[in-house]
Amino acid sequence: MKKLAIVTTHPIQYYAPWFRLLSEKGNVLPKVFYTWHQSQQSEKFDPGFGKKISWDIPLLEGYDYTFVTNTSSDPGSHHFKGIINPSLIREIKDWEPHVILVIGWSFQSHLKCIKYFHKKIPVLFRGDSTLLDELGGIKKILRRVFLKWVYRHIDYALYVGNNNKQYFLAHGLKEDQLFFAPHAIDNDRFAQPDEFYTKEAEAWREQLGIKEDDIVLLFVGKLEPKKNPHLLLQLAKQVTSERLKFVLVGNGVLEKELKSLTENDKRIIFIDFQNQQKMPVTYRLGNILILPSVGPGETWGLAVNEAMASGLPAIISSKVGCGSDLVKNGYNGLLFDVNAPDTIASFLNKIIADKASLSAMGNASKEIIRNFSFNEIVTTIEQLINSF
């Protein structure tokens, strides 16, 4: 059995399940090398949410892993020198992998790892960058030159969607080096048991004063500038129907300001950050998800996956990386130009006039998201590695 070393910073709910599945299937033997050993703490401060976060689902079960000592004076995944692991390459060599997969290059140790193993064993890479926020001028030219140098040390890239694929092609990788391994969430956990989740959400909606016939536009995420939650306030002014409610789930730097601006509009409701076990119910509070990000850095938008698996249509901006893959206009939602958000108001007015159309769009979302699964990721990795 071929051994796969996986290098990534810390355990997250979107990666741990496919590490586990890769191990369970037994076609490849994986071991994860976590490079931010300080993330072992049960709680860590998340600056985006402005509070300590401890995930309530297991992230370290069912697969082999190790935490590699990180000697950075300012440890974390927020900057290049936040991940410095003097023993990483030696620990990986001692395990004697046949293939290495590095997730993200923009950390000192990860880049060293990519360069070291280049031409020694096949180097796979996974990242989700896009060209959506690319600046013009000399900065673009210099960045393109640098990134082409980085990616010359990679044999194959696992792209998460179309925008990510175009990014890799722009930086020198060829079609035959690119393999689709989509960004995914635990679709089954969000989809079932649907009847139980729906009843829980109905009771919660009632507590919040939301009527059965109301239409809830749901925002889920950090209340921060790049997510553009202020757009919901603009929509509340444009679409004045009392049947349209706005629910914002999350915390962040804009929270106090947003609450102050909306204290006289009872249609706008704020809910604190909800942990993973509560999220399937949380999404069912809404009838439509909205992610109006302006960037930079909204490379995918996994809240869209979660909402679609929960049976919701989605309204997302052209700056959200998953847009061209997940949202089809009029079929399961709206992909709007970030510079022309007025199309949202007309879309919402149509929904208010024809609420029944939400059901068909929600079913369409569930169909689309089935192909964006952990199994798809694992199958791609297995087939690629076993082709060497």
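This note sets out numbered points on the predicted model shown above.

1. Basis of the values. In this predicted model, local features need pLDDT of at least 70 and side-chain atom pairs count only at pLDDT 80 or more, while totals for chains, interfaces and linings use all residues. Residues are numbered from 1 along each chain as its sequence is written, and side-chain values use heavy atoms, with hydrogens and water left out.

2. An open sheet of 7 strands has the order 5-2-1-6-7-8-9, with parallel pairing. Strands pair if DSSP finds at least two bridges between them; strands (E, at least two residues) and helices (H or I, at least four) are DSSP runs, numbered from the N terminus. Strand 5 (64-67) and strand 9 (178-180) each have a single partner strand, so one side of each is left without a neighbour in the sheet. From one strand to the next, the twist averages 25 degrees. Axes are lines fitted to C-alpha atoms, for helices over the stretch in contact, and angles run from 0 to 180 degrees between N-to-C directions.

3. Strand 1 and the helices on this sheet. Strand 1 (residues 3-8) runs parallel to strand 6 (residues 99-103), and 4 bridges join them. Within this pairing, Leu-4 stands opposite Val-99. Helix 1 (residues 16-25) packs on the sheet and touches strand 1, strand 2 (29-34), strand 6 and strand 7 (123-126); contact means heavy atoms within 4.5 Å. The direction of helix 1 makes about 150 degrees with that of strand 2. Helix 2 (residues 88-95) also packs on the sheet, touching strand 1, strand 2, strand 5 and strand 6, and its direction makes about 165 degrees with that of strand 2.

4. Thr-8. This residue is found in strand 1. Its relative accessibility is 3%, so Thr-8 counts as buried; buried means under 20% relative accessible area, exposed over 50%, and partly exposed in between (1.4 Å probe, protein chains only). Leaving aside residues up to four places away in sequence, Thr-8 touches Tyr-15, Phe-19, Val-32, Phe-33, Tyr-34, Thr-35, Ile-103 and His-110.

5. Strand 10 (residues 215-220) and strand 11 (residues 244-249) run parallel and are joined by 6 bridges, with Leu-218 opposite Val-247.

6. Thr-299. The loop between strand 13 (288-291) and helix 11 (302-309) holds Thr-299, which counts as partly exposed at 22% relative accessibility. Thr-299 and Thr-130 are 169 residues apart along the chain, and their C-alpha atoms are separated by 6.2 Å. The side chains of Thr-299 and Asp-128 are joined by a polar contact of 3.0 Å (a pair of N or O atoms within 3.5 Å; within protein, one must be able to donate a hydrogen and the other to accept it, and residues adjacent in sequence count only if both atoms are side-chain atoms). Pro-296 lies in the loop between strand 13 and helix 11 as well, and a cis peptide bond joins Gly-295 to Pro-296, with omega about -5 degrees.

7. Aromatic pairs. Rings of Phe, Tyr and Trp (its six-membered ring) pair if their centres lie within 6.5 Å; planes under 30 degrees apart count as stacked, over 60 as edge-to-face and the rest as tilted. By this rule there are 24 aromatic pairs. In one of them, the rings of Tyr-151 and Phe-168 have centres 5.6 Å apart and planes at 85 degrees, so the pair is edge-to-face. Tyr-151 lies in helix 4 (residues 137-151) and Phe-168 in helix 5 (residues 162-170), so the pair ties together parts 17 residues apart in sequence. Tyr-151 is buried at 3% relative accessibility, and Phe-168 is buried at 0%.

8. Glu-96 has a positive phi of about 60 degrees although it is not a glycine. Glu-96 is in the loop between helix 2 and strand 6 and counts as exposed at 59% relative accessibility. Asn-228, also not a glycine, has a positive phi of about 60 degrees; Asn-228 lies in the loop between strand 10 and helix 8 and counts as buried at 18% relative accessibility.
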